[in-house]
Amino acid sequence: MAGAAHCSLRAKRLLLDPKFEGYKLSLEPLACYQLGLDAAVAEVKLRDDQYTLDHMRAFGMYNYLHLDSWYQDNVYYVDQFGRVMNLSVTLDTALQKPREVFRLPTDLTAYDNRLCASIHFSSSTWVTLSDGTGRLYLIKSGKRGNSASEKWEIVFNEELGSPFIIAHSVSFVKSDMHTVAVLLLRVEKDELDTKGSGFHITLEWVTIAEISKEGDHRYEIFKRRVLQGKSVPHYAAIEPSGDGVMIVSYKPFKFMQDEDEKLEENDNAKAANEKKDPLYHWQQTEDDVTITVHIPQDITKDDIKVRFSPDNICVTLKDQPPLMEGKLYSSVDHESCTWIIRENKSLEISLIKKNEGPRWSELIVGDTRGEFVMDSSQCSEITESLMHLTSEVMNPNPEKENPPCNAQELEECDAFLEDSASLCRFDGDTLKVTHVINLGSNQYLFSAVVDPREMPCFCLRHDVDALLWQPHSDQPENMWEHIATFNALGYVQASKQDKKFMACAPDYSYAALCECLRRVFIYRQPTPLSTVLYNRKEGRQVGQVAKQLVATLEANDPILGFQATSERLFVLTTKTLFLIKVNSGN
C-alpha cells in the first residue's frame with residue numbers, strides 16, 4: 001500500500017451523547033403482519049466442501065431479502081421455482097400477496113454446486129441478477145413497485161465462470177455511454193495455500209457498457225478486473241461514478257496482475273530488499289557511540305577518509321561519493337573521536353559524546369540506512385523500566401491508585417473475533433490503493449443504504465456506540481462523513497450471541513437486529529417525554545428516553561432475510577414474510 005494516503009475517521013462531537021443513560025424496555029405493542037408464501041424461499045445450504053468461516057460469512061449468513069431503496073417499502077426475494085417475487089407496501093391493513101416480476105430461465109434444481117441467487121438494484125430502472133450458477137443477468141426493469149410500468153427485460157446475460165453472488169452494482173453514464181459496473185464475490189479453492197484455510201476470496205469488478213454498431217444497440221463486457229484477498233469483505237461497494245471501489249476487510253485485497261506487471265513488481269521487490277540491508281550498525285553507551293561499517297576487500301587504510309566535527313561526520317572510500325555524511329543526533333568531542341580497520345575488513349568508528357547520559361534515538365539525522373544494535377544489559381535496563389506497566393499476576397494490588405490493565409475487567413462482549421480491519425479505496429485506473437484507514441478496534445457492524453444515489457453507508461462500533469458513516473467519493477476532504485449515532489448499540493449488539501442480521505432505518509430513527517429464530521430487537525433513538533420523569537439516583541428530571549422493543553415472531557423456521565425502512569421491518573423466513581410496523585407514516 002505504498003503511496004496510499006493514510007486517513008482517519010473523524011466523529012462529529014455534536015452527534016455523540018456522553019450522557020446517554022441506556023435503553024428502557026417498552027411494552028408497547030408492535031403491529032405485526034404476516035404473509036404466507038406460495039412457494040418456499042430458494043435457500044441454498046452449505047455443502048460439505050464449504051466448511052470455512054469465509055463460506056459461512058459469504059453464503060451461510062446471506063440475506064435472502066432484497067430491499068429496493070429506490071422505491072419506498074419495496075422488497076424482493078427468489079423462490080424455489082426461480083421466480084423473483086415482489087412485495088410493495090402502501091397500506092399495512094391491505095397487503096397483497098407477493099407477485100412474480102421475473103422468472104429465471106435456468107432450472108436451478110439441475111445444479112449441484114450452485115450458490116444462492118442474488119439481486120442488486122443498480123438504479124431506479126436497472127437490476128443486476130445472478131442465478132447462483134455463474135451466470136450474470138443485466139435487466140431493464142422500468143419503474144419498479146408499480147405493476148403497470150414494471151416489466152423486467154433481459155438486455156445482457158453471460159456465463160462468467162464459477163458461481164458467485166453479487167456484492168454491489170451501480171449504473172452510470174460515462175462518455176455518453178450507459179455503463180453498469182458489478183462486483184462479484186467468490187470463495188475459491190487455493191492450491192498454493194497449505195497453511196491457511198485452503199481458499200481465497202475474489203472480487204471480480206465487471207464493467208458492462210452499451211455498444212452501438214450500425215444502429216444495433218447491445219450490452220457487452222467492457223472490462224474485467226479481479227481483486228483477491230484472504231477474508232470475505234465486510235463491505236465492498238463501487239463508487240457512483242464507477243471510478244473506484246471501497247472495501248472493508250480483515251485481510252487486505254489486491255488486484256491480480258498480468259505476467260509483465262508481476263515481473264516488474266518482483267524486480268521492484270528485489271530492489272527494495274537489497275536496500276533493506278543496513279549500510280552500517282551502531283551501538284551506544286552513556287559515554288560513546290561505536291559505528292561498524294563493512295568495507296570491500298581491496299580497500300586500504302589510505303583509501304579511507306573520515307572527517308569529524310562537533311555536529312557532523314563524513315566517511316568516504318577512495319574517490320567515491322561519501323558513504324556516510326550528515327548531522328549527528330547530538331554533539332561529540334570531535335578531537336577525541338577515532339577510527340580503525342578491524343581484521344574482518346570492517347571500519348570501526350568511535351564517537352565520544354559531548355553530553356554524557358542521554359540516549360540517541362538515531363545516529364545521523366534523517367538517515368535510515370543504519371541499524372541500532374542493543375546489548376543485553378541495555379535490554380534488561382529497558383525491561384526493568386517498563387516493569388511497572390505489566391505484571392505476571394492479573395491484579396497484584398487492587399488497592400493501588402493506578403493498577404495495571406486487568407483483562408478480567410473486560411466483558412465477554414468486548415472481545416472481538418478479529419484483531420483489526422482496514423478500509424481501503426482502490427482506484428479503477430491505476431488499480432492501486434489511494435486511501436487506507438486502519439479501523440483498529442472499530443468493529444464493523446452492518447451496512448445500510450440511506451440515499452440510493454450515494455454509496456451504501458457502513459456502521460462501526462466506536463467504544464460502546466455505533467456510528468454510521470456515509471462515503472463521499474467525490475469529496476476528497478470529506479470522503480467519510482459521520483452522519484448518525486446509535487447510542488450504546490455497539491455494546492448492546494455484542495451481548496446478543498445469537499444475532500444474525502442488523503439494520504437501521506434510512507432516517508436513523510431506529511436500529512434493529514434479529515436472532516436466528518423468532519426474536520427481533522428494536523432500539524429507538526431518544527425521544528422527548530410527554531410526562532415528567534425523574535432519575536431517582538440523581539434527583540434530576542429526565543427530558544428524553546430511548547426505548548427498546550422486542551418482537552417475537554410466530555414461526556419455527558429460521559430467519560433468512562431482514563430489511564429496515566423508515567416505517568417498517570421486513571423479516572423473511574422459509575415460508576413466511578413478516579412486516580413489523582415500527583413508525584407511523586408522516
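Let me begin with a single side chain: that of Ser309, which reaches the backbone nitrogen of Asn312 at 3.0 Å. This is a polar contact, defined as a pair of N or O atoms within 3.5 Å, where within protein one must be able to donate a hydrogen and the other to accept it, and where residues adjacent in sequence count only if both atoms are side-chain atoms.

Before I continue, a word on the source. The model is predicted, and local features need pLDDT of at least 70, side-chain atom pairs count only at pLDDT 80 or more, and totals for chains, interfaces and linings use all residues. Residues are numbered from 1 along each chain as its sequence is written, and side-chain values use heavy atoms, with hydrogens and water left out.

To return to Ser309, this residue is found in the loop between β21 and β22 (312-317). Helices (H or I, at least four residues) and strands (E, at least two) are DSSP runs, numbered from the N terminus. Ser309 counts as partly exposed because its relative accessibility is 24%; buried means under 20% relative accessible area, exposed over 50%, and partly exposed in between, with a 1.4 Å probe and protein chains only. Leaving aside neighbours within four places in sequence, Ser309 is in contact with Val332 and His334, contact meaning heavy atoms within 4.5 Å. The C-alpha atoms of Ser309 and His334 are separated by 5.3 Å, although the two residues are 25 apart along the chain.

Arg307 belongs to strand β21 itself, residues 304-308. With neighbours within four places again set aside, its contacts are Asn312, Ile313 and Cys314. Between the C-alpha atoms of Arg307 and Cys337, 30 residues apart along the chain, the separation is 9.7 Å.

Let me now turn to the chain as a whole. Its secondary structure comes to four helices and 40 strands. Of its 586 residues, 45% are buried. How many of the contacts between residues at least 6 apart in sequence join residues at least 24 apart? The share is 56%.

Leu25 lies in strand β2, residues 23-25, and counts as exposed because its relative accessibility is 58%. Beyond the neighbours within four places in sequence, Leu25 is in contact with Gln548 and Val550.

Two buried strand residues follow. Gln470 sits in strand β31, residues 465-471, and is classed as buried because its relative accessibility is 4%. What lies 2.8 Å from a polar atom of the side chain of Gln470? The backbone oxygen of Met455 does.

Leaving aside neighbours within four places, Ser422 is in contact with Ile247, Val248, Ser249, Ile437 and Leu439.

Next, helix α1, residues 53-60, in which Asp54, His55, Ala58 and Phe59 are buried. These residues lie on the same side of α1, because they cover an arc of only 95° around the axis, the arc being that of the directions from the helix axis to the C-beta atoms. Their cover includes β12 (165-174), β13 (177-189) and β14 (199-213).

Finally, the cavities. Rolling a probe the size of a water molecule over the atoms shows where empty space is left. On a 1 Å grid over the protein atoms alone, a cavity is a set of points where a 1.4 Å probe fits but cannot get out, and lining residues have an atom within 4 Å of a point. Grid points are joined across faces, edges and corners, and a volume is the space filled by probe spheres set on the points.

The structure holds two cavities of 30 Å³ or more. The largest contains about 50 Å³ of space, and its lining includes Val44, Arg47, Phe59, Tyr64 and Cys116. That lining divides into six nonpolar, one polar and three charged residues; Ala, Val, Leu, Ile, Met, Phe, Trp, Tyr, Cys and Pro count as nonpolar, Asp, Glu, Lys and Arg as charged, and the others, Gly among them, as polar.

The second largest cavity has a volume of about 30 Å³. Ala42, Tyr64, His66, Val78 and Ala117 line this cavity, giving four nonpolar residues, one polar and no charged.

Technical notes. On a 1 Å grid over the protein atoms alone, a cavity is a set of points where a 1.4 Å probe fits but cannot get out, and a pocket is an open set with protein on both sides within 12 Å along at least five of seven lines; lining residues have an atom within 4 Å of a point.
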